[in-house]
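These notes are meant to be read beside the model, point by point. Please keep the sequence and the structure open while going through them.

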Amino acid sequence: MSTIRVGQQKPEPATRFAPRFLSVLLPMIAALVFGLLGIGQRSLWYDELQTSDAVINGLDGLFFHIWEAPLLPYYSIVFLWSLGGEFSSDTWIRIPSVIGFVIASGMSSATALRLAGWKAAAVAGTVVATSSSLAWFAHDARPYAIGAGLISISMYLLVRSWTDDRLIVWILYIGSWAAVLLVYPIGLAALPAHLWLSHTNGALLTRVGRWAWAAVALIPFVGLGAFLFVKSGERMHAWVPTPAVGDFFEGVWWIGGTIAVALAIMALLSKRGRIWLVGVLLVVLSTWLVSRVGASFWLSRSLIPFLGLFAVAASFVAQRLSAMALGALLGLLCLVQIGPLIEQQTRDDDRPWKGIVEFVAEQDADQRSIVNSGWGEIGFATRQYVPDAEIDVYTWGTVPPMNYWTMEPDSRCNRLGEVTLENGTTLTQCRPLR
C-alpha cells in the first residue's frame, strides 16, 4: 500500500511567483479591510468590558481577574498592547483580534500554497477572509481571533515540517503550540488532526523522536494551562450545555458557518481534501468528547477559530480548475459571503452600557446613582467610558438611599419617570420606598 504524501507537490515555475505571492497577500489585505471596517462602531459588550477592566486598571486590575485565570495570558497580551492601559479605546483593544484574523487568513493561504499551489491558496484565503463568523471575532476584544491565528500558524508549520527538515521549523512549531495552549487552550483539539495528517503524510513514525521531545518541551505549558483551568476555568464553563449524541455535525456547521456544506462537498471532491476533512471531523470529535465527559466547550465560538483547517480541506479542488473556473468559484464565494459580512461589520450599536453611563454622567451630581442590572457591566463601562465621572454604582439587588436609575425596576421602586436612550435602552428613575 502506497503512502499518501500530502505535503509534497511539484515545484512551480518561477513565472508563477506573482500569483503565488498574490494568492497569500490579497486575502490578508481583504481580512485587514473587513477586520477594520466598522471596528469602533459598536461599543464593548459584557465580555469585552471584562477585558477592558483587566487592562485599564494597571497590574492591580490584571491580577484582580485571577477569577478568570484561563484568560490571564490573553489579558496580558492586551495589557502589553495597550501599554499598561494607556491606550484602551474600544478600537485599540480590538486591534490584536484584527491581527489574529489577518494571520489566520494568511497562514491558511500559505498552507494551501505549500500543499497544492496558488489556486488552492487563493480559495483557502478567500474562505477565511470573507467568513462573517470569524470576522465577528475581529471586532471582539476576546481571545478567539488570536486563537484562530495561532492555530493557523501551527497548521502551516506542521505542513512545512514535512518537507523542511530544519530543526528551527520544529522549534517554531512547538512554540506555536505553547502559545495555543496558553492563549486559546481549546486549540488543543487540533492535535488529533495534526497527528492524523502527519500519519497520512508518512511523517509521524519517521519523526517519532521529535514528537517525543516536543511532548516533553510542552509539559510546562500544559501544566500551566491545566493549573489556570482548574483555578477557575471549570466554573467559567459551568453554563455551557453538554452536547447530545446527535449534536456532532452541528460542530462541523459551526466551523464552516453558512457555507459549511459547500466546504464539505468541495473537500470530498479530492483525495487530499477528504484526508483533511477527516482532520476537521477529529477537531469536532475531540471537542465533543471533552464536552461530554468534562467541562463543556460546546458552543460555536469554541470551534469557529478552526476554520483555516476546513478552508484548506476545501481548497484542493481548485487544483483542477481553469483560471476561468477558479475566478467563478472565488466570485461565488465572495457573492455569498461579502454582503452579510459587510452588513455585520457595520451594524448599528445596540449595546446599552456605553449609552447608559454617558447619560448618567451628564446628570446633576445628586442624580448620578444607578443600580447595576447585571453582573458588573455598569461598573466596568463607567471605568471605560466616563472614568472621571463620579457615578455611584450599586450592585444588583441593593437599593440605594437616594433616587437612582435602573434598567430593571423592581417592587421596591417608586417610579419617577422613564428615559429612552438613542440605542433603544429604557432607564427608569426610581425613588426608594421608605
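1. Val-419 stands opposite Leu-427 in S5. The strands concerned, S4 and S5 (residues 426–432), pair in the antiparallel sense over seven bridges, where pairing requires that DSSP finds at least two bridges between two strands, and where strands (E, at least two residues) and helices (H or I, at least four) are DSSP runs numbered from the N terminus.

2. On provenance, this is a predicted model, in which local features need pLDDT of at least 70 and side-chain atom pairs count only at pLDDT 80 or more, while totals for chains, interfaces and linings use all residues. Residues are numbered from 1 along each chain as its sequence is written, and side-chain values use heavy atoms, with hydrogens and water left out.

3. The open sheet consists of five strands in the order S2-S1-S3-S5-S4, with mixed pairing. Strand S2 (392–394) and strand S4 (413–420) stand at the edges with a single partner strand each, so one side of each is left without a neighbour in the sheet. Neighbouring strands are turned by 30° against each other on average, direction ignored.

4. Helix H19 (residues 353–361) packs against helix H20 (residues 377–385) at an angle of about 70°, the axes being 9 Å apart; axes are lines fitted to C-alpha atoms, for helices over the stretch in contact, and angles run from 0 to 180 degrees between N-to-C directions. H19 and H20 are therefore roughly perpendicular, a term that covers 65 to 115 degrees. Trp-353, Lys-354, Ile-356 and Val-357 of H19 meet Glu-377, Ile-378, Ala-381, Thr-382 and Tyr-385 of H20, contact being heavy atoms within 4.5 Å.

5. Within H19, the buried residues are Trp-353, Ile-356, Val-357, Phe-359, Val-360 and Ala-361, buried meaning under 20% relative accessible area (1.4 Å probe, protein chains only). Their cover includes helix H2 (46–56), strand S1 (369–371), H20, strand S3 (404–406), S4 and S5.

6. The largest nonpolar core has 123 residues, of which Val-123, Leu-134, Trp-276 and Phe-310 touch the most other members; such a core is a set of buried Ala, Val, Leu, Ile, Met, Phe, Trp, Tyr and Cys residues joined through side-chain atoms within 4.5 Å. Helix H8 (residues 144–163) gives the most to this core, with 12 residues.

7. Ser-152 also lies in helix H8 and is buried, with a relative accessible area of 2%. Leaving aside residues up to four places away in sequence, Ser-152 touches Ala-104, Met-107, Ser-108, Thr-111 and Gly-308.

Note on methods. Buried means under 20% relative accessible area, exposed over 50%, partly exposed in between (1.4 Å probe, protein chains only). Angles under 35 degrees count as roughly parallel, over 145 as roughly antiparallel, 65 to 115 as roughly perpendicular and the rest as oblique.
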